[in-house]
Every structure is written in structure tokens, then in C-alpha cells.
Amino acid sequence: MERVPILKIGSVLLVSIQVDMQDQMALQLQEDLGQRIVDTGCRGVIIDITGLDIVDSFVGRTLSTIASISRVLDAETIVVGMRPAVAITLVELGLSLDGIRTALNVERGLELLARNAEPDTFDDLDLLGDPETTSP
Amino acid sequence: MTGSEGPGHQVQAIGNDEDVVRVRQLVRTAAVAAKLSLVDQTKVVTAASELARNTLVYGGGGEAAVSTVDNGVRRGVRVVFSDSGPGIADIDLALTDGYTSGGGLGLGLSGARRLVDEFELDTVVGAGTTVAVVKWAR
């Protein structure tokens with residue numbers, strides 16, 4: 001069975017789904033991604049679904065589960081690239097994609113992750129500036 | 001196992017995950033041939049995916065017959081799913097959003113019904129279930 005590749009770019013894992021997934025492939029991705037989050041310590045996951053021409057309840061549920069697993073493993077998941085026809089269909093189907101954050105494209109997704117990243121090093125604190133010295 | 005019963009009519013056996021993908025592809029091709037809009041193609045393919053999975057998971061496998069239809073005014077896609085599984089004891093309950101007898105979200109039947117224009121469910125407990133759906137081009 002084919003597997004969905006998971007790429008590490010900086011501190012983010014990027015998953016780009018390019019094929020019409022069988023159910024088993026979606027479940028495999030769920031497992032693989034959990035393992036990669038632990039192995040890499042990445043704090044952000046971007047799932048690009050530009051290549052998916054439908055999202056049915058099974059894939060929708062898998063995306064929600066992946067987001068929950070990632071959260072438990074201290075990583076945030078953002079689903080990007082949903083086609084408008086897919087969004088319309090999802091809403092009509094009644095799928096709410098609970099717990100999933102979305103962004104329009106990979107670039108916006110990366111921005112969102114960067115904005116939400118907590119400053120956990122002194123370098124990051126320097127970049128943000130000291131509130132006491134920057135406020136008037 | 002794709003058989004042809006005349007022009008525009010194809011039968012796909014549903015026995016595993018891969019067959020569900022094949023059903024989606026057949027329905028997509030028929031929807032394009034019937035000149036459905038992109039949104040309507042997406043809706044009918046999504047509905048077909050839900051129903052094909054139901055046939056597999058709850059019906060224990062079966063088949064999907066995909067054809068293009070024409071009512072003189074509009075063209076459309078018709079898909080008939082049939083299985084010889086246990087049947088559905090309480091149809092109203094099965095069509096309720098959120099109800100599931102398996103591990104799913106309970107959106108398969110009810111969601112699929114919302115995505116198509118015509119939806120017909122015939123079921124006999126102990127003998128099987130047939131679901132016929134039609135999506136018309138606007």
C-alpha cells in the first residue's frame with residue numbers, strides 16, 4: 001500500500017495528500033504522523049489537502065483524530081488548501097471538523113503556526129522585545 | 001471487476017477499500033459526462049463514497065451500478081448500491097444525524113441524502129439493502 005509522505009521543514013511537519021486515499025492509507029498516516037511528531041519534536045503540522053477532490057466523513061474524522069493526537073503530543077495541526085467545492089460539500093454533509101484549524105494555503109498555515117508558537121527560547125524573547133521597554 | 005451493461009452503465013463490485021476508491025472514480029467520470037457543475041460533482045462523489053463504505057462495512061460488501069440518466073430536460077448521474085447484508089431494522093433511526101450502529105460519525109446515510117436530489121432506500125432485514133441516488137445537472 002502507498003503511504004502519504006511526511007516532510008520535515010524546519011520545525012514543521014508537512015503532509016501533502018496527493019492521491020485519492022483508501023481508508024487504510026488514512027489510518028496509516030495517522031500512525032506515521034504520531035511517530036514522526038515524537039521522533040522530531042516538531043510543534044507544528046500542516047496537512048495540505050489541495051490534492052483531495054473530496055473529503056468524506058471518514059477522511060474528515062481522520063483529520064480530526066490526527067489533530068487530537070498531535071495536540072496530545074504537543075503539536076498543533078493546521079489543515080490547508082481545501083477546495084471551495086469540498087468546503088461546500090463538507091458543510092452540507094454535516095461534518096464540522098471539530099478541533100481542526102484551517103488556513104487558506106501552506107504559506108498562511110506557516111504564518112499561523114509562527115504566530116501561535118510560544119516564545120520558549122531567549123532568542124524568541126529578544127525578537128518579541130521586552131514589553132516594559134517598548135511600551136510608551 | 002468492472003462490467004458493462006450497455007453504454008454509460010457500469011457495475012463495480014465493493015469488496016474492499018480499493019473498490020470504494022474505484023466507485024468514487026466511476027461516479028466522478030459519470031458526473032463529468034452528465035455535465036454536472038464542479039460543486040455537484042463533488043457532492044455526488046462524496047455521497048457515493050459514504051454509501052459505498054456503508055455497503056462495505058455494514059452490508060458486508062456488494063456492488064454499485066453507476067449510470068448517466070436523462071429525464072428529457074436534464075441529465076444526471078444515478079448510482080445504485082446493493083448488498084445482501086443484515087438489512088436495516090429501523091430506517092428512521094438509521095437516517096438520523098449522528099446515529100451509528102458501527103464506529104462511524106453517523107453521517108453516512110443522512111449526509112449522503114442531503115447531498116443528492118433523489119434518495120431511495122429499500123431494505124429487508126436479513127436479506128439486504130439497496131440505496132439508489134440521483135444527482136441532476138442544474
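Helices (H or I, at least four residues) and strands (E, at least two) are DSSP runs, numbered from the N terminus. Residues are numbered from 1 along each chain as its sequence is written, and chains are lettered from A and ligands from 1 in the order in which they are written. The model is predicted: local features need pLDDT of at least 70, side-chain atom pairs count only at pLDDT 80 or more, and totals for chains, interfaces and linings use all residues.

**Exercise 1. State how many helices and strands chain A has, and give their order along the sequence.**

Step 1. Chain A has six helices and five strands.
Step 2. Read along the sequence, the pattern is β-β-α-β-α-β-α-β-α-α-α.

**Exercise 2. Describe the sheet of chain A and find its edge strands.**

Step 1. Two strands pair if DSSP finds at least two bridges between them. The strands of chain A form an open sheet of five, in the order S1-S2-S3-S4-S5, with mixed pairing.
Step 2. S1 and S5 (101-103) of chain A each have a single partner strand, so they stand at the edges and one side of each has no neighbour in the sheet.
Step 3. On average, neighbouring strands are turned by 30° against each other, direction ignored. For such angles, axes are lines fitted to C-alpha atoms, for helices over the stretch in contact; other angles here run from 0 to 180 degrees between N-to-C directions.

**Exercise 3. Work out how S1(A) and S2(A) are joined.**

Step 1. S1 (residues 6-9) and S2 (residues 12-16) of chain A run antiparallel and are joined by four bridges.
Step 2. A:Leu7 has A:Leu14 as its bridge partner in S2(A), and A:Lys8 has A:Leu13.
Step 3. The two strands form a hairpin with two residues between them, and A:Gly10 in the turn has a positive phi of about 60°.

**Exercise 4. Decide whether A:Val91 is buried or exposed.**

Step 1. A residue is buried if 20 or more other C-beta atoms, placed from the backbone, lie within 10 Å of its own, exposed if 12 or fewer, and partly exposed in between.
Step 2. A:Val91 is found in H3 (residues 84-93) of chain A.
Step 3. A:Val91 has 11 other C-beta atoms within 10 Å, so A:Val91 is exposed.
Step 4. For the whole of chain A, buried residues make up 29% of the 136 residues.

**Exercise 5. Explain on which side of H4(B) its buried residues lie.**

Step 1. The buried residues of H4(B) are B:Gly108, B:Leu109, B:Gly111, B:Ala112 and B:Leu115.
Step 2. They cover an arc of only 165° around the axis, so they are on the same side of H4(B). The arc is that of the directions from the helix axis to the C-beta atoms.
Step 3. Their cover includes H2 (57-72) and H3 of chain A, together with H2, H3 (91-94) and S6 (128-136) of chain B.

**Exercise 6. Find which helix of chain B gives the most to the side that touches chain A.**

Step 1. 21 residues of chain B are in contact with 18 residues of chain A.
Step 2. H1 (17-33), H2 (38-57) and H4 (108-115) of chain B each supply at least two residues of this side of chain B.
Step 3. H2(B) gives the most, with nine residues.

Terms used. Contact = placed C-beta atoms within 7 Å.
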